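Here are a few friendly notes to read alongside the model.

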Amino acid sequence: MQHGGQTIRRLVRWNGQEWSRVGSGGGDAVDAPVHALLATSHLLYAGGDFAQIDGLPSSHVARWNTRDWQPLDRLPPSGIVGYTQTLALSADALYVGGQFSAAGGVPARSIARWNGSSWSALRGPGGEGVNSLVTAIAVSGTDVYVGGYFTEAGGIAANHIVRWDGSRWHAIGDAASNGVDGPVYTIQIAADGIYVGGDFQQAGGQPARHLVVWRDGRWQAFGDGPPRPVH
């Protein structure tokens with residue numbers, strides 16, 4: 001994108017009348033793709049493949065306070081070792097998901113929690129985090145629903161979707177046929193259930209193409225479902 005004679009790539013802002021750069025310097029604000037944005041009343045969080053943002057070291061996750069970009073953690077080892085794919089906010093923490101091995105020097109497989117001052121992993125009896133890419137996170141109270149390409153979370157079988165209750169992991173569905181049979185791309189929490197979209201054909205061992213809801217302790221499909229994966 002061209003603005004004021006400059007090419008702006010990867011991250012821009014629209015104020016209702018024109019596009020502008022999100023940052024204080026010239027040229028590109030971000031040195032690699034941005035995969036996730038999350039806004040609050042006074043902060044914007046960004047996550048992706050980038051190692052720098054607005055010229056500052058920011059290992060795959062950073063925040064904008066309407067004036068300056070800042071890394072979340074300022075002391076090395078900082079940031080994510082890997083890349084960030086998705087972000088979600090609870091009342092007291094930021095959850096970061098993607099494909100990574102550590103956050104702020106703390107071993108954390110593909111999902112981590114930032115409480116404003118330190119990183120922590122989401123641990124289970126068999127280890128921390130999940131065993132592959134996280135593409136979706138949704139928060140409801142103390143419950144954190146996590147979706148992606150994984151098949152294990154903290155040592156338990158968890159087929160592409162799992163719930164963290166603040167202290168341990170829980171599969172969604174019975175042990176023999178929990179979760180769905182392909183990657184989850186998006187999760188939305190509503191009053192009547194947990195809606196899950198992705199590239200799958202079954203949920204809980206039953207036909208459920210690309211879109212399903214977890215309601216009343218069981219998976220429920222939407223007829224034949226959409227013909228293409230749900231993002």
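1. A word on terms comes first: a residue is buried under 20% relative accessible area, exposed over 50%, and partly exposed in between (1.4 Å probe, protein chains only). By that scale Arg-123 is partly exposed, with a relative accessible area of 42%.

2. Please keep in mind that this is a predicted model, where local features need pLDDT of at least 70, side-chain atom pairs count only at pLDDT 80 or more, and totals for chains, interfaces and linings use all residues. Residues are numbered from 1 along each chain as its sequence is written, and side-chain values use heavy atoms, leaving out hydrogens and water.

3. How many salt bridges does the structure hold? There are five, a salt bridge being a side-chain nitrogen of Lys or Arg within 4 Å of a carboxyl oxygen of Asp or Glu.

4. One of them joins Arg-109 to Glu-152, with the closest N and O atoms 2.8 Å apart. Arg-109 sits in the loop between strand E13 (106-107) and strand E14 (111-114), and Glu-152 in strand E20 (residues 152-153), so the pair ties together parts 43 residues apart in sequence. Strands (E, at least two residues) are DSSP runs, numbered from the N terminus. Arg-109 is partly exposed at 24%, while Glu-152 is buried at 18%.

5. Arg-123 pairs with Glu-128 in a salt bridge of 3.5 Å, N to O. Glu-128 is buried, with a relative accessible area of 15%.

6. Arg-215 and Asp-192 also meet in a salt bridge, at 3.2 Å from N to O. Arg-215 is partly exposed at 22%, and Asp-192 is partly exposed at 37%.

Notes. Helix = DSSP H or I, 4+ residues; strand = E, 2+ residues; numbered from the N terminus.
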